[in-house]
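Here is my note on the model you sent. Please read it with the structure open.

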Amino acid sequence: MELRSEPFRGKSQVRRHMLKVIDGISVICELEDLIVDIDGNKICARWGISLGNDDTPPLRGCSFYTLSTNPENGQKMIQTAFDVPEPAFGKPGDVGLNILSAASSVIEKTGFGYLNVSTEVDPGSSVVERYFAAWNRRDMKAAIACFAEDCDYDDAQYPEAFVGKENLERHLLRVADSLPRSFAFVVDDLAVTKNRRKIGVRWHLENGGEALPFTRGCSFYTTNGNGLIQTGFDVPEPAVIKPGSQILAISSVGSKVMAEPIRSLPLVAWILYIYVVFFSDGILPGANALMLEQRTWEEVRDLSINFFLVSPLLHLPFSPVVHPMLEGIFNLLLSWAAMFAGFFSDEREDKSNLLPMIPIVAGMQFLTSAFFLPYLGTRLSEKLEVGQVVYKEDLGSIERTLGEFRGLGALLGGVGTGAIVWSLFGRPEFGDFSERFASLIDLLSIDRVGSSFVVDLVIFGLFQGWLVDDDLKRRGVDITDEDYGALRMIAKYFPFFGLAIYLTARPELPSRSED
């Protein structure tokens, strides 16, 4: 889709994208007109999309599809799709032409990229191909002769259509004057009905034989009884910045919050967290992230070297000396973050979240709540029917192997317990509990990193249980069932250890082979 810089490749990517599009967004897609070529292998569609409860005009667009035949059942299937919507946030009109006009003067003076453009057309070519050829040789008299007197030409870059041959001619002359002579429109594919009354075109722009970036497009034409173009609808792809993913993300998040207002809690908490931890002055001790304080980065480096206490326990020579209680907090936090890998089944091919689960859990090892909170606010809720479950075979290899590992809770619970023990008894030179606790408070009073860890622990404690109910649903458990009521409460309200217990004691996902 041409709101994106890269196409979706393969059925799996297309499926994931479609699931994201329909998630929580009430949209109505209306097919305005359709072109099917003679052999049925090419289709050009003109469409409009509107929000279900929105009075704003629909977003229009044009699509070009190629089809192939399924050898098993003989049915047609979409092989390639090229979707181009009109500009969603204002139409540039002549702004783009003015930029091209300035570039044209440079190209004409320097000769850069100039080659003779081929304008030959087959005698049996369609009127649209003749129009393109005339345009490329800048024979605007021949180009306009391809249109009916009462034509209606809708260029999606402009707010209004050009109605009548006279208005269209002025527009085409202005465009021709703005483009270098070396620029030519190249027809990539055509979809033509048997009677040639409808013609769809997929095209791109070249300079001196070289394709120009961000200059592809799709057009939909109809002709009259005399074989002249009656209507035209041209939609060029968006320029350098393609806002498809951003628009989809904003719409998806907005619709989710409206449907489930409680989602605003982690999203608001995330905004506050980012501001307080990284950018504020005076709320948390120490310098903000923009100050790039050397001591902060050295502390992060030293804690990372002592990750999961491996280096100090093995007495490795490069292991730095860090306050044991700070090390304990750090490693407890990371083991807690890693425990959310037990919810990898929250991401599947048929449940594609806006933010993918595996990268989120990996990112939580570095920026904890900065990754965790937006995931909670934007993920898809489970929509399983009563009695419906998720099978192990529905998961990817990582999700199935790591996320469903029975010993995950015990392993990471042990790491967290070890971190607590280390904070109390590790590094004897830091004294007894009262001494090391007092020195920790002194450290936190000037330390942005350490104080942010405490904030993370509070956030994890508050939001630990958000994924539990959906996880039980995937396992076929009715969350109102008293048999699992105690486990559910422990998982939701007993920080850290409750999650470790839950991952160890929860029912396994069923297997289709067992069924």
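This is a predicted model: local features need pLDDT of at least 70, side-chain atom pairs count only at pLDDT 80 or more; totals for chains, interfaces and linings use all residues.

1. H7 against H12. Helix H7 covers residues 264–279, and helix H12 covers residues 369–378. Their axes lie 8 Å apart, at an angle of about 155°. Angles over 145 degrees count as roughly antiparallel, and H7 and H12 are therefore roughly antiparallel to each other. Their crossing is left-handed.

2. Residues between H7 and H12. H7 contributes Pro-266, Leu-267, Ala-269, Trp-270, Tyr-273 and Ile-274. They meet Ser-369, Ala-370, Leu-373, Pro-374, Leu-376, Gly-377 and Thr-378 of H12. By class, this contact of H7 with H12 has ten nonpolar residues, three polar and no charged.

3. H10 against H15. Helix H10 (residues 324–339) and helix H15 (residues 433–444) cross at roughly 75°, and their axes come within 8 Å. H10 is therefore roughly perpendicular to H15. On the H10 side, the contact uses Pro-324, Met-325, Leu-326 and Ile-329. H15 supplies Phe-433, Arg-436, Phe-437, Leu-440 and Leu-443. Eight of these residues are nonpolar, none is polar and one is charged.

4. Cavities. How many cavities of 30 Å³ or more are there? The count is two.

5. Lining of the second largest cavity. Glu-404, Phe-405, Arg-406, Arg-475, Leu-503, Arg-506, Pro-507 and Glu-508 line this cavity. Five of the lining residues are charged, three are nonpolar and none is polar.

Methods
Residues are numbered from 1 along each chain as its sequence is written. Side-chain values use heavy atoms; hydrogens and water are left out. Axes are lines fitted to C-alpha atoms, for helices over the stretch in contact, and angles run from 0 to 180 degrees between N-to-C directions. Helices (H or I, at least four residues) and strands (E, at least two) are DSSP runs, numbered from the N terminus. Angles under 35 degrees count as roughly parallel, over 145 as roughly antiparallel, 65 to 115 as roughly perpendicular and the rest as oblique. A crossing is left-handed if the near helix is turned anticlockwise from the far one by less than a right angle, and right-handed if clockwise. Contact means heavy atoms within 4.5 Å. Ala, Val, Leu, Ile, Met, Phe, Trp, Tyr, Cys and Pro count as nonpolar, Asp, Glu, Lys and Arg as charged, and the others, Gly among them, as polar. On a 1 Å grid over the protein atoms alone, a cavity is a set of points where a 1.4 Å probe fits but cannot get out, and a pocket is an open set with protein on both sides within 12 Å along at least five of seven lines; lining residues have an atom within 4 Å of a point. Grid points are joined across faces, edges and corners, and a volume is the space filled by probe spheres set on the points.
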